[in-house]
Amino acid sequence: MAENVELDSSVPNLVADPNLDKQVVFQLLSKFNLSAGDVAQLFAAYLEIHRPKEVDLTSLRSALKRRGTEAQNRILEATGDLLTSEEIAARLGYSSRQTPHNKKVKRQLLALSLPNRKGDFFPAFQLDGCAIRDWIPELLQRIPESWGALSFLTARREQLNGESFLHVVLRDPSKVRDMIEAADDYAS
Amino acid sequence: MPVDPSLDAGKPNLPDHVNPAGIRWEQSLPATWWRNSHKRASGPLSFTNTVSRFSEPTSTLKALYLGSDSITCFWESGLGRDLNSRMPDDRVITEGDLLDRLEWLVNIDFKELKIFNSADSTALRSVGARTAACFTADYAIARRWAVALVAAGAQGILYPSVRQHSGMCLALFESRATIACLSAPQKVRVSYNNPDLLAHLLLRERVIIIAA
């Protein structure tokens, strides 16, 4: 006789029905921090047997984004100072904040919008004195999306001995070509 | 007999004289291969000489890189290579990064092609390569081997993915024969819609996605 299986969210059990199994997996994933590697490895092995399907996409995307806010905060920390439209306009000698906005649209300036904050924010590292660094438009031509470009720039890399491209090119402008080539590769 | 590159620690040697008549060509290849490309790339089946394992801008060889499955293909593509170069806790990408990547399938008719399998120890001996690392370690050495093999008649090199265990990669070199053997590419989906890839990024690689 068919039996209705109801999941008790407080005590997950792996059950026979594969679809319900997956629900249990995602409930458990939501309870554990994935940095606890054993848990992730356990479920990776599990999902190799019960291959994920298209109906699982929403759950997978949610789990992938669960630590997104924390990651964005790390990126912002590595980015350094952020300037408002008015502040960057003043630093660049523009008469209005419309000009930075236009340059953002033309992908000549990198701008971020932040949750619950009004207006754009411009990372200060883009400025060299009162000019925009030459490589900013080049980078945005390759990686136009602001968070994607910042993630690319601020990620610490093994071949840079744990430094980020941002640190390296700000310290040694001769490394800009290496960074741009890597950005080319990123979008290939 | 296939070799496991991780167990084959021999020092790579450079090609000497490669006798075309003695080369052992791969006879058994799957017909269907995957390709992962950025949506702004010129085309999913473009042969390029951008910097990669067997190609570089100064080389005469233009290559098309394919993978045996969608996950191998992702790791061998631009975004995968970039993630692989990051420290493990900085593997953060945006939703847009995965929405921008397209997965393709292509069928290849290998009947007229000579493909060298660098994971086959008999094939390695047939060209004087002491170790599979000739094709998997230093790219400068791998490129020298590619030039030597193409000069000896090869139209492609099969090699194990160093980024995705159990995955195989195929580099096809541009020629009339290789272009003729490719079917029209079939677009499968954007990478963000691939449940196997997302599960892999989540659980095996600890990638974080930011909603942007």
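**Helix packing between the chains**

The axes of helix α10 (residues 176-186) of chain A and α2(B) come within 7 Å and cross at roughly 130 degrees. Axes here are lines fitted to C-alpha atoms, for helices over the stretch in contact, and angles run from 0 to 180 degrees between N-to-C directions. Ala182(A), Asp185(A) and Tyr186(A) of α10(A) make the contact with Gly78(B), Leu79(B), Arg81(B) and Asp82(B) of α2(B), where two residues are in contact if their C-beta atoms, placed from the backbone, lie within 7 Å. By class, this contact of α10(A) with α2(B) has three nonpolar, one polar and three charged residues. Ala, Val, Leu, Ile, Met, Phe, Trp, Tyr, Cys and Pro count as nonpolar, Asp, Glu, Lys and Arg as charged, and the others, Gly among them, as polar.

The model is predicted: local features need pLDDT of at least 70, side-chain atom pairs count only at pLDDT 80 or more, and totals for chains, interfaces and linings use all residues. Residues are numbered from 1 along each chain as its sequence is written, while chains are lettered from A and ligands numbered from 1 in the order in which they are written. Helices (H or I, at least four residues) and strands (E, at least two) are DSSP runs, numbered from the N terminus.

The contact involves Leu57(A), Leu60(A), Arg61(A), Ala63(A) and Leu64(A) on α3(A), and Pro195(B), Leu198(B), Ala199(B), Leu201(B) and Leu202(B) on α8(B). By class, the contact of α3(A) with α8(B) has nine nonpolar, no polar and one charged residues.

Within α3(A), Ser59(A), Leu60(A), Ala63(A) and Leu64(A) are buried. They cover an arc of only 135 degrees around the axis, which puts them on the same side of α3(A); the arc is that of the directions from the helix axis to the C-beta atoms. A residue is buried if 20 or more other C-beta atoms lie within 10 Å of its own, exposed if 12 or fewer, and partly exposed in between, with C-beta atoms placed from the backbone.

Over the whole interface, the contact takes 33 residues from chain B and 37 residues from chain A. On the chain B side, α2 (78-85), β3 (92-94), α3 (95-99), α8 and β9 (208-210) each supply at least two residues. The largest share of that side, seven residues, comes from α8(B).

**Individual residues**

Arg107(A) lies in the loop between α6 (98-105) and β2 (112-113) of chain A. Its phi is near 60 degrees, a positive value in a residue other than glycine. Arg107(A) is partly exposed, with 19 other C-beta atoms within 10 Å.

Asn161(A), in the loop between α8 (146-154) and α9 (165-171) of chain A, has phi near 55 degrees, also a positive value in a residue other than glycine. With 8 C-beta neighbours inside 10 Å, Asn161(A) counts as exposed.

In chain B, Asn107(B) belongs to strand β4 (residues 101-107). Leaving aside its neighbours within four places in sequence, Asn107(B) is in contact with Ala31(B), Thr32(B) and Ser183(B).
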